[in-house]
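Work through the exercises below with the model in view. Try each task before reading its solution.

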Amino acid sequence: MSDIHTSTSHRSSQTAERDAAPHAMSSAWGDGAARARDLPLTPGVAQVLQSRTDRDPRLSSAETCESARLKRILVYSHDTFGLGNIKRMLEISKHLVATYSDVSVLIISGSPIVHAFRIPPRVDYIKLPCLTRTLDGVYDVKFLGLGYDDTIRLRASLITNALLDFSPDLILVDKKPFGVSNELAPGLRFLHGRGALPKVVLLLRDILDNQETTTATWERNRYHEAVRSFYDRILVVGSPEIFNLATEYKFPASSGSKVQFCGYLRRDRGSQTREQIRGELGVHDDEHLVLVTGGGGEDGYQLLTNYVHGLSHLPTGTKIKTLLICGPEMSEQNRRRIRLAAAHPGLVIQEFNNDMMGCIDAADLVVSMAGYNTICEILSLRKRAIVVPRVRPVQEQWMRAERMARLGVLRAIHPDQVTPMKLMRAVTEELNADDGGSQKACKVDLDGMSRVVSSLYALLDDSVPISATSMI
């Protein structure tokens, strides 16, 4: 079912230096306020904090009125590459407010297209200046004509002010305990020093990177010390049966005791039905529909161009319609190349579609990369899938694809081995196969959303017990 090939990659030293804690951070961490004083303070934020030293982080009761009845959750999502992070955090935010009427959520995000998603009532966002990550793993500024350090200082100031003014009851942090280049640390430090630190939760996807790189990154950036000092819980949106993150990455007891495996995040069905989308695309009853997507599109060109060129290798008489979605972050040059090569009459090309679940539902086969969200979407709808994962600068997608392929829920092809002919042969085989693969998707625990949402709310309300059955 799977085409297996092993490859290794390492983050660039430049990214490691940028993501590492500043040299000024003390190597000896004490308890409480002493640890807070040793945290990195982004230059320029100190002036902001000094001007607010005497200010109560909570507004007066007269000022809060209606908002005082709401429990406040601040979500930090750094979003330097692709759509995965912001889509995941938005879905969690939507389920929080849909499940609990006394919750409001403020998202802090660097995503360049956060505005393109539907934002429900009681959810709002603050847009940070965009960062980007190259295929070599180097962080840089995406749009502004500022230097990297200046941009981080600006982002840190915005984050710190949001923490102080929104005054959340709980902070949900995506992936990096101190944020990109420690931009979250000054706000945590200030709240901790005042004894006003809210509940803080770290959300980790199922797989981060290979063991060597991840353990080195967490040690170099003092992430376990951050977890010990500031975090109440680590929620992992994955299953230990597929990848036991705490064991694989050798978490110390201080971090491992806070880990809760929640399962993968089941996605809701799309806004349009399968029949509606197939009708709009002109798919006939005797035709198969293949959905081809490169996620955000920033690094999806090779997959999409392999598929487009592979269409010429289809057996004569094969009845296939293809919906190919480039992704909003694909360069205009690469989109133009794909359109120029697209001579097949059954090919429909879109730049972006905000109803991806509807598109997946309409498809008979999905050809994609292996990002966390994409895999959850495929599993949620039990679709047959061929995945060609990203392997650089991190191994996360290939590791996920390989584990899922072993379960028989999808077919994985290593990107270094894919060719147009090989890809189209796999497409033909999957379309002609029985539905056994889709049935095997039932083996994957997809109840993560309800567990994440209930665990977050339980932390807001200490009187609500949290089940220890999923703790390690």
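Asn373 lies in helix 16 (residues 372-380); helices are DSSP runs of H or I with at least four residues, strands are runs of E with at least two, and both are numbered from the N terminus. The model is predicted, so local features need pLDDT of at least 70 and side-chain atom pairs pLDDT 80 or more, while totals for chains, interfaces and linings use all residues. Residues are numbered from 1 along each chain as its sequence is written, and side-chain values use heavy atoms, without hydrogens and water.

**Exercise 1.** Decide whether Asn373 is buried or exposed, and list its contacts beyond four places in sequence.

*Solution.* Step 1: buried means under 20% relative accessible area, exposed over 50%, and partly exposed in between (1.4 Å probe, protein chains only). Asn373 counts as buried because its relative accessibility is 8%. Step 2: contact means heavy atoms within 4.5 Å. Asn373 touches Leu83, Gly84, Lys87, Arg88 and Arg267.

**Exercise 2.** Find which residues of helix 6 meet helix 7.

*Solution.* Step 1: on helix 6 they are Thr160, Leu163 and Leu164. Step 2: their counterparts in helix 7 are Pro186, Gly187, Leu188, Phe190 and Leu191. Step 3: this contact has 6 nonpolar residues, 2 polar and no charged. Nonpolar covers Ala, Val, Leu, Ile, Met, Phe, Trp, Tyr, Cys and Pro; charged covers Asp, Glu, Lys and Arg; the others, Gly among them, are polar.

**Exercise 3.** Work out how many bridges join strand 2 to strand 3.

*Solution.* Step 1: strands pair if DSSP finds at least two bridges between them. Step 2: strand 2 (residues 103-109) runs parallel to strand 3, with 5 bridges. Step 3: Ser109 has Lys127 in strand 3 as its bridge partner.
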